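The sequence and model come before the details.

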Amino acid sequence: MEPSPDGGSCSGSGSGGAPETLSEAVREHLRKLCLHEFPCGIGSWNKSRFLPQTWRTWRELTPREEETVSPGEETVEALLGLVRGPHSPWALVEDSSAEDQFLRELAIQSPLMLKDTFFYSYFRSLRVVDKQVSLVDKDLLKFLNLEELILSANKIKEVNAANLPPTLKVLELYGNEMRSMECLCAHPPPLLQHLGLGHNKLLGPLESLYVTNNYWPNLVSLDLGFNDLTDLQGMMVSLSTLRHLRLLVLQGNPLALVPYYRGFTIDSLTRLCVLDDITVSPNEKHQFRGFSLSGDLLAQEAQFVVTIGSVKGVVDTSIWDPEPGPEGPFITYNYYVTYDFVEEEDGEGSQYGGVLAEVPGQGVGWLLAQPRRLAGGRSPGCELREAVADESQESGATELGESELSFISGHSVPLPVPLSAINSAEELAKLRPRMDPRLFPSPGTVLFSTDRRPWADIISFGYEMQHTFKDLVPLKAFLLSGTTVTIVEEKILSWPLVPLPVDILLPDKKGKGEKNKKETDKKNKKGKKVPKKKREIPKELRQDPSVLRVLGSGQVALEPLLAGEPQVSTVCNYGVLRTLESDKLTLARVPRAEEPWAQGSSGCSSDSSDKEPGFILRGQ
């Protein structure tokens, strides 16, 4: 316990067992302090210091310093040394509070003071944190002078306000399971100055009805952060009635995700000094003056822009492939970056892919988005591309062995059954464990991807996509969980439509035989040998379904956006993929740009050995 000039405080923290009442948690914590056992309390180690209580008054309960210590007993200084020494077996554990240490020393110096009447009248602060408390019982009213009550990180769903002492000035219920403030408004403590209800489950527009001056006339500080409050305008109407409100925390709520949140709040609450732990400056008050008057014209939606820059350090996988023959296969590689984002309830997100969709002639399949880059802030249409293999891939596509893929962190596998045989989402869900799970979005999200790009030493995507949301509650839950950014390699095998041997002469076309014969005779007369004309490689190719390999995947935390940060910018480092051998082969390889199946240049690699796609998400 840590005393104050006119009172004290009692603290208890740590994980507990089964749910219990507040009074039980307080008694259990005091029991674990062993205030009546050696070296505390009264026993054979100090009993001669205390005379019988029958003829002593309250002021004489403290032993006189001039009294001599009987043989076999310990002095007060020696007993205090046992509870203060860091290596003493009677010392408290390292994470104990100063309040606990004070109680132990008080139990040595004046053990007769530790009565129920002492606790109920002396202590002004009560802290019971992470003790599995679920009920605030009426025994709390016995604390006649209690001013501060901290009940954070428990399992409280509802508080009977009639059991709260009327002397309370500070009430904190952070990290509990409260779904409404209505219970507190039945008998609110009239002198309350600070109310902390952050990190609960407050939800619904009606919550704004419980933060008015009728219930909290003396409230100076209010923390409702990280709940599910959505009605910003209704909240401002109610909060404006609190004449003494100076500190307010609303960040972490869906209502704080709208772009005009801070300006609208500052102009609505002119007396506010601190908003979301940031001081409200005079410049802000002047900048947002009159902003609250246009509240009805402001859209209740949040906007985010995702930007993906470039990737470097990717191995040019084509260096491991053999030279293609006249019959193929001709292999091309493309690279792209995917990320998942929350799906709108009205289904607008389904147009971007990452969802089950009907493929004509093939039944239900998995579709992967390929949205184009935004132009002028507009959201263009998106092209869907099939991202799982059908039966033809299983039979016709060729795959490299594991030894050739030792530098790749993972690769996809074809479906074990034809895509046309998948008739339901449940059947596809059963097949997902056989595929790389990183190619699928997490539940409740859709998958977005950049455009495909050929290999380069630095693969530049220049991707930018704006996301707009009206349903802010699931958006907040998504930002808490974060997004997954994945680099994917797409391998495509192409084959000639009609493969022919290269040494077969081209047949003469009808009607041109005489002309060709004359040209041949003319050249023979000059004594020149006419070579045989070879069959050119056909330019029309058929392509097998794509084979996808995940080169790297990682989680990007988006919670800072809920805490008020304007953007999240990160470099995703997925480790070293390139080796000395692969760099040598890339340097030595001659570009085959003249071949019809080659896409882009296979220029020399740099010294970079890690992939770093710049991922930026900013709110607007």
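A disulfide is taken here as a pair of cysteine sulfur atoms within 2.5 Å. By that criterion, a search of the whole structure finds zero disulfides. Cys34 is in no disulfide, and the nearest cysteine sulfur, that of Cys40, lies 7.9 Å away.

The model is predicted: local features need pLDDT of at least 70, side-chain atom pairs count only at pLDDT 80 or more, and totals for chains, interfaces and linings use all residues. Residues are numbered from 1 along each chain as its sequence is written, and side-chain values use heavy atoms, with hydrogens and water left out.

**Cysteines and accessibility**

The sulfur of Cys183 is too far for a bond with the closest cysteine sulfur, in Cys185, because 7.9 Å separates them. Accessibility is classed by relative accessible area: buried is under 20%, exposed is over 50%, and partly exposed is in between (1.4 Å probe, protein chains only).

| Residue | Relative accessible area | Class |
|---|---|---|
| Cys34 | 26% | partly exposed |
| Cys183 | 15% | buried |
| Val473 | 26% | partly exposed |
| His467 | 5% | buried |

**Helix H6**

Helices (H or I, at least four residues) and strands (E, at least two) are DSSP runs, numbered from the N terminus. Why is helix H6 (residues 261-268) largely enclosed by the rest of the structure? Eight of its eight residues are buried. These are Tyr261, Arg262, Gly263, Phe264, Thr265, Ile266, Asp267 and Ser268.

Val473 belongs to helix H10 (residues 472-481). Not counting residues up to four places away in sequence, Val473 touches Leu203, Asp228, Thr230 and Pro254. Asn227 is 246 residues from Val473 in sequence, yet the C-alpha to C-alpha distance between them is 9.5 Å.

His467 sits in strand E18 (residues 458-469). The His467 side chain makes a polar contact of 3.0 Å with the side chain of Tyr339. A polar contact is a pair of N or O atoms within 3.5 Å; within protein, one must be able to donate a hydrogen and the other to accept it, and residues adjacent in sequence count only if both atoms are side-chain atoms. Leaving aside neighbours within four places in sequence, His467 is in contact with Ala302, Gln303, Phe304, Val306, Tyr339, Phe341 and Phe448.

How values were computed. Contact = heavy atoms within 4.5 Å.
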